[in-house]
Amino acid sequence: CGIHSPASIVKCNTCSKWFCNSRGNTSGAHIVNHLVRSKHKIVSLHKDSPLGQTVLECYNCGTRNVFLLGFIPAKAESIVVLLCREPCLNMNSLKEMNWDLSQWLPLIEDRTFLPWLVKHPEERELIRARQISAQQINKMEELWKSGKLDATLEDLDKQELNDEVDPVLVRYEEAYHYQRIFGPLVKLEADYDKKTKESQKQEGITIRWDIGLNKKRIAYFKFNRRSESELRLVPGDELRLRYGG
């Protein structure tokens with residue numbers, strides 16, 4: 001949206017893009033929208049922000065998942081401590097320290113970062129900012145996911161012109177008329193399915209081959225069940241094993 005005040009922006013450490021803590025025309029801050037849609041979780045503040053160039057992480061275990069992080073005020077000092085909700089908040093050893101664990105609050109509230117951590121942009125900045133819709137944000141995230149990491153809103157405008165299709169009708173003049181309207185829609189859906197499947201991959205997997213009792217080849221391998229992975233397998237799914245050497 002163009003807002004660039006150091007106190008109001010946050011860097012996504014996974015993709016190195018900067019987002020503001022403003023809602024704009026959406027239900028959540030631009031940074032939170034990005035984190036949710038991209039499944040990224042690690043952020044840092046700007047070096048010129050009031051808190052300096054800080055990667056947000058748990059004081060006790062070093063967890064950097066901002067959706068687990070919160071803060072507690074120390075009882076005797078005017079400081080705050082970042083602590084993750086799980087497991088550190090429930091550890092007995094921490095309950096004996098000089099922290100009031102009952103005062104724990106999340107860093108993200110109502111889909112925005114707390115203003116003492118990342119300031120909300122001033123009114124004059126909001127007036128001058130680009131007005132971005134939730135639909136535009138979704139399409140930008142899809143562009144970045146497809147591998148176009150440097151895509152901008154200008155690229156989005158060009159794509160929308162190229163992707164324009166005719167609306168469906170209740171009645172059609174003939175079979176060719178029906179095919180002319182539905183053909184591009186079917187292709188768009190097929191392209192989307194293809195991109196989705198191609199994005200669901202894991203690399204660096206070790207495979208052990210064997211021959212079964214039925215004389216068919218058997219491949220043994222193990223998936224790393226990462227929490228951020230969108231890959232979900234059920235019996236009957238097709239898989240492709242590819243060797244890149």
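Residues are called buried at under 20% relative accessible area, exposed at over 50%, and partly exposed in between, with a 1.4 Å probe and protein chains only. The structure is a predicted model, in which local features need pLDDT of at least 70, side-chain atom pairs count only at pLDDT 80 or more, and totals for chains, interfaces and linings use all residues. Residues are numbered from 1 along each chain as its sequence is written, and side-chain values use heavy atoms, leaving out hydrogens and water.

Helices (H or I, at least four residues) and strands (E, at least two) are DSSP runs, numbered from the N terminus. Two strands are taken as paired if DSSP finds at least two bridges between them. Strands of a sheet pair through backbone hydrogen bonds, either parallel or antiparallel.

Strand β1 covers residues 9–12 and runs antiparallel to β2, with four bridges joining the two. V10 has F19 in β2 as its bridge partner. The two strands form a hairpin with four residues between them. In this hairpin, S16 takes a positive phi near 60°.

The loop between β2 (17–20) and α1 (30–38) holds N21. N21 counts as buried because its relative accessibility is 1%. N21 and Y176 are 155 residues apart in sequence, and their C-alpha atoms are 50 Å apart in space. Helix α1 contains H34. H34 is also buried, with a relative accessible area of 2%. H34 and W18 are 16 residues apart along the chain, and their C-alpha atoms are separated by 9.9 Å.

An open sheet is formed by three strands in the order β5-β4-β6, with antiparallel pairing. Its edge strands are β5 (80–84) and β6 (105–106), each of which pairs on one side only. Strand β4 spans residues 69–73 and pairs with β6 over two bridges, in the antiparallel sense. F71 has L105 in β6 as its bridge partner.

A further antiparallel pair is made by β9 (residues 208–211) and β10 (residues 217–220), over four bridges. W209 stands opposite A219 in β10. These two strands form a hairpin with five residues between them. K215 lies in the turn and has a positive phi of about 70°.

Salt bridges were assigned where a side-chain nitrogen of Lys or Arg lies within 4 Å of a carboxyl oxygen of Asp or Glu. The count by this rule is six salt bridges. One of them joins K187 and D191, at 2.8 Å from N to O. Both residues lie in helix α6 (residues 175–199), four residues apart, or about one turn of the helix. K187 counts as exposed because its relative accessibility is 54%. D191 counts as partly exposed, at 31%.

R124 forms a salt bridge with E122, and the closest N and O atoms are 3.2 Å apart. R124 is exposed, with a relative accessible area of 55%. E122 has a relative accessible area of 45%, so this residue is partly exposed. The side chains of K47 and D48 also meet in a salt bridge, at 3.6 Å from N to O. K47 counts as exposed at 55% relative accessibility.

Surface patches were built from residues with over 30% relative accessible area and no salt bridge, joining like charges within 9 Å and nonpolar side chains (Val, Leu, Ile, Met, Phe, Trp, Tyr) within 5 Å. Accessible areas come from the Shrake-Rupley method with a 1.4 Å probe; for residues, only the protein chains shown count as cover.

D155 lies in helix α5 (residues 153–162). D155 is partly exposed, with a relative accessible area of 30%. A nonpolar surface patch is formed by L51, V80 and W116, which together have about 270 Å² of accessible area. W116 lies in the loop between β8 (112–113) and α3 (123–128). W116 is partly exposed because its relative accessible area is 38%.
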